[in-house]
Amino acid sequence: MSFNEILAAIDSFVWGPPLLILLAGTGIYFSFRLGFLQIWALPRALKYIFKKGNTGEGDVSAFAALCTALSATIGTGNIVGVATAIQAGGPGAIFWMWIVAFFGMATKYAECLLAVKYRTKDKNGFMSGGPMYYIEYGLGIKWLAKLFAIFGVMVAFFGIGTFPQINAITHAMNDTFGISTVVTAIVMTILVAMIILGGVNRIAVVSSLIVPFMAVLYVGTSVVILVMNWQVVPTALALVIHSAFNPEAALGGVLGFTVLKAIQSGMARGIFSNESGLGSAPIAAAAAQTQEPVRQGLISMTGTFFDTIIICTMTGLVIVITGVWQSDVAGAALTNLAFAQGLGNSIGATIVTIGLLFFAFTTILGWCYYGERCFVYLAGIKGIKVFRTCFIILIAGGAFIKLDVIWSLADIVNGLMAIPNLIALIGLRKVIIAETKDYFARLRVSEKDRDEELVEDGLSKSFN
């Protein structure tokens with residue numbers, strides 16, 4: 001049995017029915033218990049992103065914290081991950097990405113609420129928070145908190161944080177512009193080192209500039225392609241939904257797609273992309289300048305919406321309507337081909353490559369911060385330099401590892417990281433529900449008082 005086959009077997013075991021049920025079950029539970037907050041509170045959450053609210057202790061603004069989280073989520077998962085999901089599970093995988101994102105919004109809300117509630121300050125005066133802290137201080141299980149931190153460092157070193165990102169960047173630059181893999185790896189390593197040595201504030205500044213701009217450019221290009229091919233969009237959507245439940249009939253049964261494979265690939269790639277339930281976004285949320293855990297939970301929830309419901313959907317539909325998903329091309333090259341065919345020229349491939357470059361670059365930065373916070377929890381602030389040095393060294397190595405090994409390894413450590421976090425969310429469910437009820441009760445009172453003041457002011461002006 002080869003190393004690749006061993007990794008694939010472990011990957012299938014980790015992402016087997018127990019984890020899928022735990023992930024989906026947690027999101028479904030909080031969706032029902034919170035009254036499907038991801039629907040009725042989404043407009044308020046979107047408003048909070050740009051509206052300055054009650055600030056409190058923290059290292060960065062709520063918007064910067066969201067951009068830091070988005071920088072870690074919007075990356076190869078949106079471009080390469082969607083392509084690999086469709087190739088592994090057929091177009092139906094997109095549907096299951098939607099499902100995991102919808103329920104994942106409730107999960108993301110819950111975990112980021114807890115992050116702010118149980119955060120602390122380290123010896124340097126920076127906020128430290130995330131699953132390891134609410135597992136220890138909320139759940140009271142320190143060994144489980146340490147286990148999460150260990151898995152978090154592993155994901156930063158061997159999962160989302162390094163290998164998939166740098167591999168995608170170097171190969172995309174080589175395929176599109178003919179730039180040597182070695183040259184790209186060296187340049188990226190130097191740039192990453194320059195930024196991460198500046199800490200969370202520098203990472204947040206870079207993310208706040210790059211992420212919104214590139215997201216608008218990438219989504220805008222996708223919309224142009226969909227408008228140019230509007231006639232086949234309904235057919236593509238029908239194929240996505242039909243093949244989610246009946247892939248053999250939808251696809252002729254010649255490619256070996258199954259419903260289970262569609263669910264597994266869609267959920268695994270969806271989680272890789274939006275990281276709901278993984279426990280990573282809470283680490284960024286804990287640094288936000290806010291007094292209200294619920295408010296930051298709502299803001300963080302929008303990250304899953306932007307990442308999967310919007311950006312992953314754009315990528316998936318472009319791949320499906322152009323028909324390139326049935327080709328032998330893999331990874332970023334598949335998305336490049338889809339955008340090139342969609343626009344009818346090479347500009348599409350160039351935009352994808354540039355988008356991948358910046359998205360993956362910011363993901364590396366975001367995951368360096370996540371991994372560093374996990375390492376600090378385990379070893380204290382004295383371990384920061386050790387972590388950053390190891391992280392920088394691993395960045396360069398990811399360019400020369402095979403793609404199938406990278407994705408299997410990333411999936412394995414992602415799944416391991418999610419388990420302690422999901423256990424904590426279930427264990428602290430009463431805290432999450434109580435905090436939510438209290439916040440919206442206070443909000444209703446304050447809004448009622450404000451409305452009464454407006455009425456009184458209006459009456460006063462009318463009589464004067």
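1. Glutamate 372 counts as buried because its relative accessibility is 6%. Buried means under 20% relative accessible area, exposed over 50%, and partly exposed in between (1.4 Å probe, protein chains only). This is a predicted model: local features need pLDDT of at least 70, side-chain atom pairs count only at pLDDT 80 or more, and totals for chains, interfaces and linings use all residues. Residues are numbered from 1 along each chain as its sequence is written, and side-chain values use heavy atoms, without hydrogens and water.

2. Glutamate 372 and arginine 388 form a salt bridge, 2.7 Å from N to O. The term means a side-chain nitrogen of Lys or Arg within 4 Å of a carboxyl oxygen of Asp or Glu. Glutamate 372 sits in helix H19 (residues 347-379) and arginine 388 in helix H20 (residues 384-397), so the pair links parts 16 residues apart in sequence. Helices are DSSP runs (H or I, at least four residues), numbered from the N terminus. Arginine 388 is buried too, at 14% relative accessibility.

3. Glutamate 372 also bridges to arginine 373, with the closest N and O atoms 3.7 Å apart. Both of these residues are buried.

4. Five salt bridges are counted by this rule. One of them joins lysine 117 to glutamate 435 at 2.8 Å, N to O. Lysine 117 belongs to helix H7 (residues 92-117) and glutamate 435 to helix H22 (residues 429-463), so this pair ties parts 318 residues apart in sequence. Lysine 117 is partly exposed, at 36% relative accessibility.

Note on methods
Helix = DSSP H or I, 4+ residues; strand = E, 2+ residues; numbered from the N terminus.
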